Amino acid sequence: MTAGGPAAMDDGDEKGGLRAALGGLTTRGRSFLAAGIAAAICAYVLGQADLLRVGLLLTALPLVCVAVLVRTRYRVAGTRRLTPSRVPAGTEARVHLRMENVSRMPTGLLMLQDRVPYVLGPRPRFVLDRVETGGRREVSYRVRSDLRGRYPLGPLQLRLSDPFGMCELTRSFSAYDTLVVIPRTEPLPPVRLAGEAPGYGEGRQRSLALAGDDDVIPRGYRHGDDLRRVHWRSTARYGELMVRREEQPQRARCTVLLDTRRIAYQGAGPDSAFEWAVSGAASALTHMLERGFAVRLLTDDGNAVPGEGEGGFAGSTHESADSAGLMLDTLAVVDHSDGGGLSRAYDVLRGGNEGLLVAFFGDLDEEQAAVAARMRQRSGGAVAFVLDSADWVQGDVPRAAAREASERRLRLLRESGWTAVAVAPGTGLARYWQQAGHQDVAAQSADIGGAADGTTGFSGGWS
């Protein structure tokens, strides 16, 4: 929940306020002014004194209303609060507005209006009656978007009007807030996957129990370090002052790779293949953070969400919520890239064993399927969810030929050690997640059987 800072509006202090007020004449005020001028001219031409008095009255009424509205001096403070400030796509958020009269005189009739993007719904408008000195009024409205993104709310506007409706003035506050619409996430089943042992259950507890005060590595002394942490043996060895640093327990790592290439997806909208991939990546990283993994979000162009851990990984026990929020905020605004390949992501992954790799791929041609296959050699375990546009968009490509090409690429990934799952529209990630776990168990069983027979068994899952 976030709160927009209070904003104050002081009416009648601006230079050129009279000119702005004249520009704020309503249709009624302009009509009265035009009729009064016309009547005064006719009275002068015809010599009719009574008609002149009528013309002067019609002309004076809107001008008096303008003068009164300009001379009105009061201060109004406004506050906006979002509940919550980060919502999944398709979920409503409530915006609370509070207006407070902090001047010494009551206000007149006020029209309150908040600026919102069109994707969040119609622009909210409220009519506030007379607000007494020190009084406050609270109103609220709901916003909802099926499209993820960051949407500004504000600035808040007040429209002032005289009792006769001759003139209207609009004043804007300076404060605004931002509503973050993140991708939809779904809970995933606790399937045991290869490469998870250090971060799950007893394995994770043992690693934590083995890490203690004796597991230290020295580093150079920095200004402000406690002198009681000086490691004298290392100081004598290196010839400079060294201090002890507790070694953090090794935690299982997981990289979530999202393919954002524009050429890899067809179609648009909330039900498109690309939006499914973004939502799947959000669900996977949230699930892995909850299971105790250090998670890194990586895209095809090699960009990763900055993490506080080594190598860009983030998500300790007390920081998992912050890490998930940072990654979900990134996925809220992620868009298609103009790149044509996965080579940059491969360059990031080929540095060493990065633990578990969960990838969401779009269309893969022969070349990119070969690049994706080489990624598996650099990872301790890998699962790929492949979205074929031929299944998501009805195109001119013959479905038989497209399906044959898709099966050939899936087979290439599986022969390289990936657990590759083809994704069809209309099904959530939870089902495919469980299917990937079953494929891995079957592959490991095949390996065990082959070893017992004295033969070499091929594993289509993770080693």
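Is C42 buried, exposed or partly exposed? C42 counts as partly exposed, because its relative accessibility is 39%, where buried means under 20% relative accessible area, exposed over 50% and partly exposed in between (1.4 Å probe, protein chains only).

The views below come from a predicted model, in which local features need pLDDT of at least 70, side-chain atom pairs count only at pLDDT 80 or more, and totals for chains, interfaces and linings use all residues. Residues are numbered from 1 along each chain as its sequence is written, and side-chain values use heavy atoms, with hydrogens and water left out.

**View 1. Overview of the protein.** The protein has 12 helices and 19 strands; helices (H or I, at least four residues) and strands (E, at least two) are DSSP runs, numbered from the N terminus. Of its 463 residues, 43% are buried. Contact means heavy atoms within 4.5 Å. Among contacts between residues at least 6 apart in sequence, 75% join residues at least 24 apart.

View 2. UniProt, in an unreviewed entry, lists residues 29-46 and 52-70 under "transmembrane region". UniProt positions are given in the numbering used here, feature names are shortened, and annotations may be inferred rather than shown by experiment. In the model, residues 29-46 are 100% helix and 0% strand, with 26 Å between the end C-alpha atoms. Residues 52-70 are likewise 100% helix and 0% strand, and here the end C-alpha atoms are 27 Å apart.

View 3. Helix α3 covers residues 49-71, 23 residues in number. From first C-alpha to last it reaches 32 Å, close to the 33 Å expected at 1.5 Å a residue; the expected span is 1.5 Å times one less than the number of residues. The helix bends by about 25° at A60, and the proline P62 follows within four residues. The bend at a residue is the angle between axes fitted to the seven residues ending there and the seven starting there. A60 counts as partly exposed because its relative accessibility is 33%. The C-alpha atoms of A60 and L33 are separated by 7.8 Å, although the two residues are 27 apart along the chain. The buried residues of α3 are G55, T59, P62, C65, V66, L69 and V70.

**View 4. L63 on helix α3.** L63 is found in helix α3 and is partly exposed, with a relative accessible area of 39%. Leaving aside neighbours within four places in sequence, L63 is in contact with L22 and L33. The C-alpha atoms of L63 and A21, 42 residues apart along the chain, lie 9.6 Å from each other.

**View 5. Cysteine C65.** C65 is buried, at 7% relative accessible area. A disulfide is a pair of cysteine sulfur atoms within 2.5 Å, and a search of the whole structure finds zero. For C65, the nearest cysteine sulfur is that of C167, 8.1 Å away.

**View 6. The largest nonpolar core.** A nonpolar core is a set of buried Ala, Val, Leu, Ile, Met, Phe, Trp, Tyr and Cys residues joined through side-chain atoms within 4.5 Å. The largest holds 43 residues, of which V295, L331, V358, F360 and F385 touch the most other members. Helix α6 (residues 273-290) gives the most to this core, with 11 residues. Apart from it lies another core of 32 residues, including V70, L97, M99 and L169.

**View 7. Helix α6.** The end C-alpha atoms of α6 are 26 Å apart, in agreement with the 26 Å that its 18 residues should span at 1.5 Å a residue. Of these 18 residues, 16 are buried. G292 follows the helix and has a positive phi, near 95°.

**View 8. V358 and strand β17.** Beyond neighbours within four places in sequence, V358 is in contact with C254, T255, V256, L257, A284, V383, F385 and W433. L356 is in strand β17 (residues 356-361) and is buried, with a relative accessible area of 0%.

**View 9. Two cis peptide bonds.** The peptide bond from T83 to P84 is cis, with omega near -10°. P84 is found in the loop between β3 (75-83) and β4 (86-88). A cis bond also joins G154 and P155, with omega about 5°. P155 is found in the loop between β9 (149-153) and β10 (156-161).
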